[in-house]
Amino acid sequence: MEFPQQQKPAGDSKITYPPGVKEITEKISNDEVVKRLKMVVKTYMDMDQDSEEEKQQYLNLALHLASEFFLRNPNKDVRLLVACCLADIFRIYAPEAPYTSHDKLKDIFLFITRQLKGLEDTKSPQFNRYFYLLEVRGQGLDYCHYNSHNQKVQMHMLDLMSSIIMEGDGVTQELLDTILINLIPAHKNLNKQAYDLAKTLLKRTVQTIETCIANVSTSNDGEERLAVVRLLAKLFGAKDSELATQNRPLWQCFLGRFNDIHVPVRLESVKFASHCLMNHPDLARDLTGTFLKSHDRVWETLRSDTTERTLDKRWRVRKEAMMGLAQLFKKYCLHHEAGKEQAQKISWIKDKLLHIYYQNSIDDKKIFAQYMVPHSLDTEEKMKCLYYLYACLDTNAVKALNEMWKCQNMLRGLVRELLDLHKLPASEANTTAMFGKLMTISKNLPDAGKAQDFMKRFNQVLGEDEKLRVQLDTLISPTCSCRQAELCVREITRKLTFPKQPTNPFLEMVKFLLERIAPVHIDSEAISALVKLLNKSIEGTADDDEEGVTPDTAIRSGLELLKVLSFTHPTAFHSAETYESLLQCLKMEDDKVAEAAIQIFRNTGQKIETELQQIRSTLIPVLHQKAKRGTPHQAKQAVHCIHAIFCNKEVQLAQIFEPLSRSLNADVPEQLITPLVSLGHISLLAPDQFASPMKAIVANFIVKDLLMNDRVGFGSEDTHTHTHTDTKIHTHTLTQKYTHTHIDHEYTKIHKH
């Protein structure tokens with residue numbers, strides 16, 4: 001039969017049937033028609049949208065099945081089989097149906113829906129086939145974008161489907177998926193007609209659908225619950241979805257899946273949480289608790305569940321939980337997108353994220369670099385994040401962050417040593433040394449066994465590619481900037497990408513190593529920015545209170561942060577501006593601040609004497625003063641700082657040693673501790689110069705005046721007694737150090753002669 005505006009058959013009009021199927025015409029019996037149609041049904045059921053060759057091959061057959069002979073056939077079995085074929089044809093050829101005539105589309109649709117009346121007889125031997133037709137026809141929501149369906153046809157469809165859903169024994173998972181998936185806003189943009197139809201259908205059948213979802217989500221079948229969670233996660237988490245506010249019972253039912261006994265369900269739940277909040281800040285009151293209701297139990301439940309998930313036995317569950325928390329921290333704590341009061345409610349996340357440093361299977365550095373202190377920020381903003389984050393961390397989190405930097409520094413050193421070995425002539429000893437470096441580096445990478453093989457391969461590539469070695473050398477240089485580091489990582493990765501592969505474990509391992517050693521946060525510009533923040537805290541012009549810390553806390557933690565970085569990134573400190581700010585810290589009344597500043601000078605100031613004369617001139621008298629009259633800790637650091645950074649250290653130390661040794665007075669014990677600490681450390685650092693005078697001090701003053709003569713007559717008050725005890729403790733310590741140093745010194749002199 002010829003249809004108006006119908007798509008013309010390709011080539012000739014010959015109809016191709018599936019293998020083993022003879023021609024179907026009105027000249028054969030109904031039994032034979034049924035027999036042949038069953039084989040055609042099987043063929044279309046097995047086809048999918050990607051079967052382009054088969055779609056073209058059976059196009060004429062699809063057109064033939066929509067002829068009047070089939071649509072008006074008096075045999076109900078023939079009509080049922082043809083309806084199943086037509087439903088599958090719409091599925092296979094979507095979005096371009098082979099039927100372009102509006103009238104023909106209407107006839108086909110009405111034909112299919114009429115066959116669904118067979119569902120009334122649940123005991124019919126054909127019931128399963130009718131049900132299959134229903135499920136496939138449900139996918140008719142997906143081809144409602146053929147604007148051919150007039151209002152009357154759509155209303156007929158809704159009436160029929162509503163009746164089937166509400167009067168049936170239940171709704172299958174597949175049918176639920178087919179209906180609900182069209183409510184996702186992304187699908188609405190692609191197919192508004194299907195969205196409107198699904199929305200209307202859901203409104204009519206909401207009680208039945210809700211009951212079915214609740215039953216499936218609490219069923220004993222973990223896979224069924226997982227399917228429901230995945231579907232609801234899409235519905236609730238979609239950017240423009242309003243389902244959570246419109247259907248609270250369903251939302252509460254979904255929240256219960258966070259503590260599901262089935263691991264994949266828990267995994268899907270924690271993956272959903274952060275994604276949902278990224279799109280729906282308004283759901284924070286449910287997912288992150290007391291944003292608006294300070295005593296809401298939902299928050300404590302979610303916090304408890306999420307915390308438990310970070311300790312889950314399964315690595316993937318832990319990872320997804322951590323990544324979810326990281327995204328929440330970035331959005332609500334870092335960017336304050338829901339306000340600072342609300343951000344405070346989840347401030348515990350920052351500590352939790354850093355505690356994972358002790359879980360080797362999770363990439364802690366990536367979480368830190370992408371979410372806690374995003375390396376993509378400009379330097380000032382990035383360092384502000386770090387400055388105030390460090391001030392708010394708990395003790396274990398601070399230790400973890402410090403260890404992260406120390407581990408990075410150690411790994412950079414190993415790569416540096418490996419590159420140095422590449423500069424030496426090939427030899428057996430060199431090969432052995434390289435192997436040792438590779439094994440040590442591998443231990444700091446995931447799956448050390450596989451990492452060893454990959455590192456050997458990477459080392460071979462390094463040996464063959466000089467440009468690659470130059471890039472890697474730049475990356476681990478102490479003067480490499482954050483911007484340079486990103487360029488180097490990109491270039492090295494690009495060189496190793498070829499030939500392109502769908503998955504490249506070798507490249508992933510190298511990228512992991514590069515991420516571990518790349519200085520994406522700290523360079524000289526970053527240190528300068530940190531010091532400026534410290535200056536503002538000292539001057540009282542910083543945003544300390546606004547960031548939730550007191551100025552004293554900000555100054556102390558800022559100095560501690562700089563002290564740690566002075567161990568791992570000493571070269572980044574070398575600027576007059578940075579050192580001038582640290583000199584201001586030396587003059588502060590806070591003893592801890594001054595002590596930290598001295599230690600930073602000790603760790604980083606090796607070039608001050610030769611390149612920064614003005615800083616040298618100002619620093620020397622301050623260090624002398626701290627060695628003579630500072631706290632014992634300041635005195636120790638001052639002596640070691642002088643010894644570490646000045647060429648004329650002997651002269652400097654003598655200018656401290658001589659006046660201190662002359663001013664020792666046993667009658668004033670409270671003024672003895674600092675001089676004794678300084679004298680002891682000077683003799684420890686320069687035994688050749690100070691062995692003899694120190695011997696006299698130990699014999700004539702320490703032993704005779706202090707240890708042998710118990711001077712307790714200067715008072716019995718607790719403070720005096722405490723001072724006297726401290727003095728004697730330091731005296732014993734000094735005597736022990738001197739004795740060991742003197743013995744070692746004499747032993748060395750004997751062996752020299």
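Thr 568 touches Trp 405, Lys 406 and Asn 409, leaving aside residues up to four places away in sequence; touching, or contact, means heavy atoms within 4.5 Å. This is a predicted model, so local features need pLDDT of at least 70 and side-chain atom pairs count only at pLDDT 80 or more, while totals for chains, interfaces and linings use all residues. Numbering runs from 1 along each chain as its sequence is written, and side-chain values use heavy atoms, with hydrogens and water left out.

Thr 568 sits in helix H31 (helices are DSSP runs of H or I with at least four residues, strands are runs of E with at least two, and both are numbered from the N terminus). With a relative accessible area of 8%, Thr 568 is buried. Buried here means under 20% relative accessible area, exposed means over 50%, and partly exposed is in between, using a 1.4 Å probe and protein chains only. The side chain of Thr 568 also makes a polar contact with the side chain of His 569, at 2.7 Å. A polar contact is a pair of N or O atoms within 3.5 Å; within protein, one must be able to donate a hydrogen and the other to accept it, and residues adjacent in sequence count only if both atoms are side-chain atoms.

Zooming out, the chain's secondary structure comes to 40 helices and 0 strands. Of its 753 residues, 50% count as buried. Among contacts with a separation of 6 or more, 69% come from residues 24 or more positions apart. Helix H1 (residues 30-46) makes a handy example: its 17 residues reach 24 Å from first C-alpha to last, close to the 24 Å expected at 1.5 Å a residue (the expected span is 1.5 Å times one less than the number of residues). Buried residues in H1 include Val 33, Leu 37, Val 40 and Tyr 44.

Next come the charged pairs. Side chains of opposite charge can pair when their charged atoms come close. The whole structure holds 20 salt bridges, each being a side-chain nitrogen of Lys or Arg within 4 Å of a carboxyl oxygen of Asp or Glu. One of them joins the side chains of Arg 91 and Asp 88, at 2.9 Å from N to O. These two are 3 residues apart in helix H5 (residues 76-93), so about one helical turn separates them. Asp 88 is buried, at 0% relative accessibility.

Another salt bridge pairs Lys 350 with Asp 351, with the closest N and O atoms 3.9 Å apart. Lys 350 is buried at 10% relative accessibility, and Asp 351 is buried too, at 11%. Asp 543 and Lys 384 form a salt bridge as well, their closest N and O atoms lying 3.0 Å apart. That pair links distant parts of the chain, 159 residues apart: Asp 543 is in the loop between helix H30 (524-539) and helix H31 (551-568), and Lys 384 is in helix H23 (residues 379-392). Asp 543 is partly exposed at 32%, and Lys 384 is partly exposed at 23%. Elsewhere, Arg 416, Asp 420, Lys 423 and Asp 473 are linked in a network of salt bridges.

As for cysteines, the search turns up 0 disulfides, a disulfide being a pair of cysteine sulfur atoms within 2.5 Å. For Cys 488, the closest cysteine sulfur is in Cys 480, 5.2 Å away, which is too far for a bond. Cys 488 is buried at 5% relative accessibility, and Cys 585 is buried at 0%.
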